[in-house]
Amino acid sequence: MASMTSYDSNINKVNESAVDRVFMLGNTAFLLIITTIILLPLVFIVAASFSSAEAVIAGKVTLWPVDFSLLGYETIFEHKKVWNGFANSLFYTFFGTIFNVFMTIIAAYPLSRRDLVGWRAITFAFIFTMLFSGGLIPTYMVVKDLGLLNTRLAMILPTGIGPFNLLIAITFFRTTIPPELIEAARIDGANDFRTFRSIVLPLARPIIAVLVLFYAVNTHWNPYFPALIYLKDQELFPLQLVLREILIQNSIDASMLIDIEDLVAREGLRELLKYSLIVVASIPVMLIYPFVQRHFVKGMMIGSVK
Amino acid sequence: MLYFRLLLVRPVAVLVQFKKRETMQVEPTSDITPASDALEVRLPHRLRLLNQEERAKLWLRIRRNWQLYVLLFLPLLWLVVFRYAPMYGAQIAFRDYSPAFGIEGSPWVGFANFERFFNSFYFKPVIINTLVLSFYSLIAGFPIPIILALSLNQVKTRLFRNSVQMITYAPHFISTVVIVGMLFQFLHPRVGFTASLANLFGMAPPNAMGDPGAFRHIFVWSGIWQEMGFNAIIFLAVLSTIDPALHEAAVVDGASRLQRIRYIDIPGLMPTAMVLLVLTTGRVLEIAFEKVYLMQSPLNLSVAEVINTYVYKVGLLSPVLDFSYSTAIGLLKGFVGLLLLIAVNHAARRMTGNSVW
């Protein structure tokens, strides 16, 4: 990313014209407006989550908490379903990502070897699934026939290898592991398993980091649809499905609200709970992302700008 | 998405070249040789040229790498079971599937399921909704990340630039459920931000989520809000590869920043932009299913029912599950999508000289 600014530092030595100064002013203003538009809804949600139920239901909250209160968060902490969903999501994300990354790496390394007879055809077989698939129902039937319906494995096995991630990994191996290195290992008497373990895997750390992120966030933590079709048992629901019930379908365990007599206050708490829940559900990814976003960027760029 | 250009593309390109070679060989001979010979000509020439010695060499190469094939075994097994078995199962689109008879046992019905969809009451609205929603997303969503990237690329202060980038990426990492939940809360007619704002100015709070006329705008613009920062990444990366000498020369010639954007940056982005446009258009029927489905309500169903949600409802939600019918609609969508990708790619190559393959 550093190279992006290189020409600017040279150009700065030349005095900027009036036209350019006006342009830069407009440009900065434009970016500030964009940033505000992005931030506004986020700030509102956070502000509402820290407000009182009365202020929320009266529609008084804009960009700052009104009658500061932690009631929404306290209510969530008692909500067993949310925590159960949280634990399930962690389980699926952890084991699912291990499975995905393992499968992707053991597929990508052989396919990155141009001396492997048939690499083109096999790679194409993977890519083709990106262009055309059997569709929702036939996939569902396979999962059903394997007896995976309503099991934890249904959240893990079908995700397998993302063709897109496979391509990134293949490109990574092609560009970072020179064939000479493999040849040298062979001359030293290493077989392909040994080479894979002792040379390829240690060098693959950056791509493993990228894959872990892509799979964990895009395949496991954020989607709800696989769970919607494959799981029936509430105990197995991941967080996103629990969130869907509460945020979208508006169904909240009535026992949570039972202490409150007043109908309006109850309605207020119901809404307040949603704001707090949105914040709590976004926190894990939001906390991690500033530290990992450069890996995402790297992943996006592997193979694209070479 | 650009690695498509290098990667997705390469295997596809191989396929296309392979086809070309095939036809090139057939054409000159087809006039003069009898049909029986044509079969031999059709064989890929790499295989045809192999004599015994070369075949032995090929076998040696395969044997020498046997451990690599062992590594590939599990991924290939997975691929066959979870990706290609469903493609085989998709034949139920042409059968009257019933679980009692299984896939092979159910009777063939030809195109009956497809005809039923064409004649169905839902056919027209579902197709129109899908096309309007996806082309609206495509046209409104395409230029914005480019503009954002061009604008960010001009910023000299590193801290400001990094902060803006960091903030604009952030929504990408929020899950669909939470995004739609936020939309419902933000636009809530009583407790939402728009309601609070309306209260502040003494106006009647709008009910945007309940208004079918607003559905498409909310869907598209919330999508842009979520993804513009992330989609700008690829363009920023391409901008960073533009030769600084071009900019230096332009400055010496007295070009303003705006002129440099117009004549250096934008042309530099064009090939990438074209490839991305082709790929997005090719997937135009694959609207973000998860989001549409969450945003649907009885009020907006007339504009919010798209092919993917309809397939899901017919296949897995309705009281009388119809696997064959649902699969037929899904198959139709997949097939049209594939044709569209090929057509758009062809058009892009004709018009701009840039294409995916």
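Here is a friendly conversation about how parts of this predicted model meet.

Visitor: Which residues in H2(A) and H10(B) meet?

Guide: From H2(A) come Met24(A), Asn27(A), Phe30(A), Leu31(A) and Ile34(A). They meet Leu148(B), Ser151(B), Leu152(B) and Gln154(B) in H10(B). By class, this contact has six nonpolar, three polar and no charged residues.

Visitor: What makes two residues count as in contact?

Guide: Their C-beta atoms, placed from the backbone, must lie within 7 Å. On that basis, 95 residues of chain B are in contact with 100 residues of chain A. Helix H6 (residues 66-89) of chain B gives the largest share of chain B's side, 15 residues. That side of chain B has 65 nonpolar, 22 polar and eight charged residues.

Visitor: Which domains does the assignment give for chain A?

Guide: Domain 1 is 2-78 + 253-301, and domain 2 is 80-236, according to the domain assignment. Nine residues from domain 1 of chain A and nine residues from domain 2 of chain A make up their contact. On the domain 1 side, the largest share, seven residues, comes from helix H14 (residues 263-301) of chain A.

Conventions. Residues are numbered from 1 along each chain as its sequence is written. Chains are lettered from A and ligands numbered from 1 in the order in which they are written. This is a predicted model: local features need pLDDT of at least 70, side-chain atom pairs count only at pLDDT 80 or more; totals for chains, interfaces and linings use all residues. Helices (H or I, at least four residues) and strands (E, at least two) are DSSP runs, numbered from the N terminus. Ala, Val, Leu, Ile, Met, Phe, Trp, Tyr, Cys and Pro count as nonpolar, Asp, Glu, Lys and Arg as charged, and the others, Gly among them, as polar. Domain bounds come from an automatic or database domain assignment.
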